[in-house]
Structure formats: C-alpha cells, structure tokens
Amino acid sequence: MMTTKDSVSTRAISAGRPTILLVEDEPDIASVMRLNLERAGLTVEWAGSGEEALERLEQPGIDLVLLDVILPGVDGHGVCQQIRSNDETKSIPVIMVTSLTEESDMIVGLGLGADDYIRKPFSGPELVARAKAAIRRGRNKGRSTDESELLTLGELQVNNARHACTIAGEQVPLTMAEYRLLYFLMVNPESAFTRQELLPHVVGEGVYVIDRNIDVHVRNLRKKIGPYAVCIVTVRGIGYRFDANNFAG
Ligand code: CA
C-alpha cells in the first residue's frame with residue numbers, strides 16, 4: 001500500500017549518498033576534485049560544459065552543483081542563473097568555483113543566488129567540508145517545506161524533496177516530466193485524469209522545453225518503472241489513473 005511518511009523519517013530513509021554535479025571544463029582539475037569528493041563518500045557526476053550541466057539538471061537526483069565560473073559557452077554565472085530561475089532546480093545548493101581573484105566575480109555569483117564561493121587553488125579537505133556543509137543546508141531547507149515527502153509502494157520510493165525515484169534503492173533515471181507525472185498520479189490515486197488535465201502538472205513552468213505529448217511520457221515512464229507499470233492504468237475515453245492495488249508485490 002502507498003503511504004506518505006513525515007519529512008523526518010523521509011530523510012532518515014532516503015538520505016543515501018549525496019550526488020554532486022561537478023561542472024568543470026578542465027579534465028585534470030575535475031578528476032582531482034572528483035577523487036577528493038568520492039573518497040569522502042560522495043557520488044560525483046561530471047559535466048564538462050554549462051550546456052551539459054543544464055541538460056543533466058533536467059533530470060532529478062542532484063544534491064549540490066559545484067560550478068566552475070570560466071566555462072566555454074554558457075559560463076558558470078549563466079548556469080547559476082538558469083538553475084535559480086527554474087522551479088525544479090532553484091532549491092539545489094550551488095557552490096561557485098573559480099580561479100578568479102576579483103571580489104567582483106564573487107559578488108556577481110552570490111547575487112545570482114550561489115550559496116557559497118570557493119577559490120582555486122583549494123585543498124581537498126576544504127572542498128569536501130564546503131560541499132558537505134552546502135548539502136546539509138540544502139537538505140535542512142527542504143525539510144521545512146511540505147514538499148519533502150516520501151511515497152512508497154513496495155520497493156518503489158518517490159522522494160519529492162529530492163525529486164528522485166528509486167526502486168530497491170537504485171535511482172530510476174526519470175526525466176523531469178516523467179517524474180512529475182508519476183508523482184502527480186501517485187498523490188492523486190484512483191482518480192482518472194484526462195491528458196489535458198495532466199499536462200500542466202507534467203510540463204510545469206520551467207525554462208526547459210518538454211514534449212507536450214502525455215502518451216509518450218506515460219510510455220517511457222512505464223518502461224522505466226518495470227513491475228510498477230501496471231499501476232498506471234489507461235482509462236479508455238478519459239486518460240490515466242494510478243492504482244496501487246495493481247501491484248501485487
Ligand atoms: Ca574553467
């Protein structure tokens with residue numbers, strides 16, 4: 001059966017290994033940073049450009065963005081601005097990383113909503129300490145909102161504070177649209193919704209262009225959630241509904 005747990009137990013269950021998106025165009029620097037963070041028990045995903053980072057952020061599951069300022073194409077300030085202007089990503093902590101020594105760059109970054117600033121060269125322990133502090137602050141921030149809830153069905157967990165979906169502890173790589181669709185159907189179980197009704201809950205008001213075809217998102221979502229796909233029921237002549245009873249466990 002599906003249950004909604006309070007936010008404190010949610011955190012206890014889902015804390016897991018925090019995932020950092022490391023945005024750095026220089027591979028040597030990236031690999032040193034990665035090594036330090038991974039040794040400290042953090043999971044690191046690397047993006048070599050601002051564009052790549054923004055693409056990764058279309059999917060959930062990132063707890064912190066470590067963002068180099070000087071990047072080819074969209075620079076760190078541009079990426080930070082986009083993170084903050086999108087509802088889906090605006091609460092993710094951001095630490096700007098730079099070799100620039102100018103105070104003005106720091107002020108620009110903080111003005112754009114960066115949570116912290118770290119200057120190259122920095123020590124491994126300093127990087128880890130700042131990263132962990134930012135993740136902790138980010139998680140505490142999420143705890144106070146009513147969005148931090150966990151939906152559970154069998155081994156399927158949907159953590160709305162992190163916008164993450166896991167099956168047996170493994171992250172399911174949902175797009176933001178698929179995540180929103182699943183979450184909306186799960187919190188409104190056993191009512192059928194038309195495609196028209198679902199659309200605003202799936203597309204949202206983010207800056208990213210998302211396919212407006214609900215059927216495509218449903219098909220892809222069903223594929224990704226495997227044995228739980230039976231819970232997303234097609235209602236002929238109407239649309240879709242979520243029925244937890246269809247999952248036999
Ligand atoms: Ca750089």
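Modeller: Gladly, and let us begin with two helices. Ala 177, Arg 180, Leu 181, Phe 184 and Leu 185 in H7 meet Leu 198, Pro 200, His 201, Val 202 and Val 203 in H8. This is a predicted model, where local features need pLDDT of at least 70 and side-chain atom pairs count only at pLDDT 80 or more, while totals for chains, interfaces and linings use all residues. Residues are numbered from 1 along each chain as its sequence is written, and side-chain values use heavy atoms, with hydrogens and water left out.

Colleague: What makes a contact, and what makes a helix or a strand?

Modeller: Contact means heavy atoms within 4.5 Å. Helices (H or I, at least four residues) and strands (E, at least two) are DSSP runs, numbered from the N terminus.

Colleague: Why is H7 called oblique to H8?

Modeller: Their axes come within 8 Å and cross at roughly 125 degrees. That makes H7 oblique to H8, because angles under 35 degrees count as roughly parallel, over 145 as roughly antiparallel, 65 to 115 as roughly perpendicular and the rest as oblique. Axes are lines fitted to C-alpha atoms, for helices over the stretch in contact, and angles run from 0 to 180 degrees between N-to-C directions.

Colleague: Why is Val 172 called buried?

Modeller: Its relative accessible area is 8%, and buried means under 20%, exposed over 50%, partly exposed in between (1.4 Å probe, protein chains only). So Val 172 is buried. Val 172 sits in the loop between strand E10 (170–171) and helix H7 (176–187). Leaving aside residues up to four places away in sequence, Val 172 touches Cys 165, Thr 166, Ile 167 and Lys 224.

Colleague: What makes E11 and E12 stand at the edges?

Modeller: The open sheet of three strands has the order E11-E13-E12, with antiparallel pairing. Strands E11 (193–194) and E12 (232–235) each have a single partner strand, so one side of each is left without a neighbour in the sheet.

Colleague: How do you know that E11 pairs with E13?

Modeller: Two strands pair if DSSP finds at least two bridges between them, and two bridges join E11 to E13 (residues 239–242). Within that pair, Phe 193 stands opposite Tyr 240.
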